[in-house]
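Please consult the sequence and the coordinates shown here alongside the text.

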Amino acid sequence: MSKYDILFTPFKIGKLEIKNRIVEAPHGTNAALSDGTLADNKIDFYTRRAKGGVGLVIEGCTFISQDLASGCIEGSIEENFSIPKQSILVESVHRHGAKIAIQLSCGVGRNAFPSRYTTPMSASAIPATLDPNIICKEMDKDDIAKVMNLFTKAASNAAKAGFDAIEIHAHAGYLIDQFLSPLWNHRTDEYGGSVENRCRFAIEAVQACKKGCRPDMPVIMRISLDHRFPGGRTLEESVEILKILEKGGVDAFDVDAGSYETIDYIFPPAYLGDACMAYVTEAARKAVSVPILNCGSHTPETAVELLESGNADFVMFARGLIADPDLPKKLREDRREDVRPCIRCNEDCI
C-alpha cells in the first residue's frame, strides 16, 4: 500500500471511465502551424505525458475558428483538414492507456492581443484589456448564432478525430466568461441582466457541442470561480452559475481562480504556495453533483489531500508534468523521491 494509491483509482465523467485521477491540465504550447493544424512536436509533447501515466490529457485552447482566436496560436479545428493530425494525437495518447479531451475556445474577447485584431468582439461594448482605448464590438444575435454553429462543427470534427471528451473554455475572463460576469456583460437582451440570462451563451455552447459530438462524449467546462479583484466575480456568485450550468448539461467542472487582472493566479508563482486554488472546490462540491477537477500548483501530497477531502474527483498538473512527465509513473511505483519538482519560476515555460 502507498499513500498515493487514491490517485490511481479509476473514476468516470459521464460514461467515460478514466484510469486514474491525474489529469494533464490544459495549457498553452504555441505549437500549431499557421493553418491551425498541429505541429508534430505538439503531438510528441502530449504523447510523452500519456506515456508517463496520466489518466486524462486535455489539449489546451483549440479555437473553433482562426478568426476568433485573436491570441496565441494553439491550433484550430474548424477546417476538416485539421482532423488527420488531431487523430494522430488521439491515437498516440490512447496507445499509452490515457484518455484525451480537446478544449474548445470561441476566443478571448476583450483579452485579445492588439497585434491580432482591429475590433475584438465581446458580450458588451467594453474597453479591450490590453488597450483600453479600443472599445469591443457587442456581439449581435447573428454573431452569437455563428459562434454556436462553429462550436457544433468543431465538436463534430473532434468526434471524427476520436477525442474522448470536450472541454469548453469559459475561463479567466475570456469570451464566455465575459458573458457570465456582470462586470463585463451590460446587455439588456436575453443574454444579459439576470444570472440565468448571463448563463445563456455558455449553455448554448454546451448544447451546440453536444449536437455535434458523439452521445458518449462528456462536455466539461473550465471556469474560474473567483476572479480575485474588485468588481470581479466572487466565489458566491460563481456557485449560482455552476448550478445553472449543471442543469444546462455540463458533465463536469474544471475549477480554479483568477483572471487577466490577477494574472499570478493564471501562472501561479512560488509565492502563492501549494494548492493555491483548491479552496474553491468545497463550495463547488456543495453546489453540484457532477465530477470536479482542480488545478493550481498541486504537489502529490496536496493531490491526495484534496481527493481524500471529497471536494474534487481529479487533480490537475501542468507545469509539474512539464518538469517531470513521469510523475504519475513514479508515484505509482512509490518513488516519490525521484519526482523532479516544478519550482514555479515561470522562466522557460511561460
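The following paragraphs treat a helix pair and then a set of paired strands. The model is predicted.

**Helix packing**

Helix H1, comprising residues 40-51, packs with helix H3, residues 83-94, at an angle of about 20°, and their axes lie 9 Å apart. Because angles under 35 degrees count as roughly parallel, H1 is roughly parallel to H3. The crossing of H1 past H3 is right-handed. On the H1 side, the contact is formed by Asp40, Ile43, Tyr46, Thr47 and Ala50; on the H3 side, Lys85, Ile88, Leu89, Ser92 and Val93 take part. By residue class, the contact of H1 with H3 contains six nonpolar, two polar and two charged residues.

**Strand pairing**

Strand S5 spans residues 99-105 and is mostly covered, with six of its seven residues buried. Strand S5 pairs with strand S4, residues 56-63, in the parallel sense, and also runs parallel to strand S8, residues 165-169. The bridge counts for these two pairings are listed below.

| Strand pair | Sense | Bridges |
|---|---|---|
| S4 (residues 56-63) and S5 | parallel | six bridges |
| S5 and S8 (residues 165-169) | parallel | four bridges |

Individual bridge partners can be named for each pairing. Thr62 has Leu104 as its bridge partner in S5. For Ile102, the bridge partner in S8 is Ile166.

Which strand is joined to S5 by four bridges? That strand is S8.

Definitions and conventions. Residues numbered from 1 in each chain as written. Predicted model: local features only at pLDDT ≥ 70, side-chain atom pairs only at ≥ 80, totals over all residues. Heavy atoms only, no water. Axes fitted to C-alpha atoms, helices over the stretch in contact; angles between N-to-C directions. Helix = DSSP H or I, 4+ residues; strand = E, 2+ residues; numbered from the N terminus. Parallel < 35°, antiparallel > 145°, perpendicular 65-115°, else oblique. Left-handed = near helix turned anticlockwise from the far one by under 90°. Contact = heavy atoms within 4.5 Å. Nonpolar A, V, L, I, M, F, W, Y, C, P; charged D, E, K, R; others polar. Buried < 20%, exposed > 50% of the residue type's maximum accessible area, 1.4 Å probe, protein only. Pairing = 2+ DSSP bridges.
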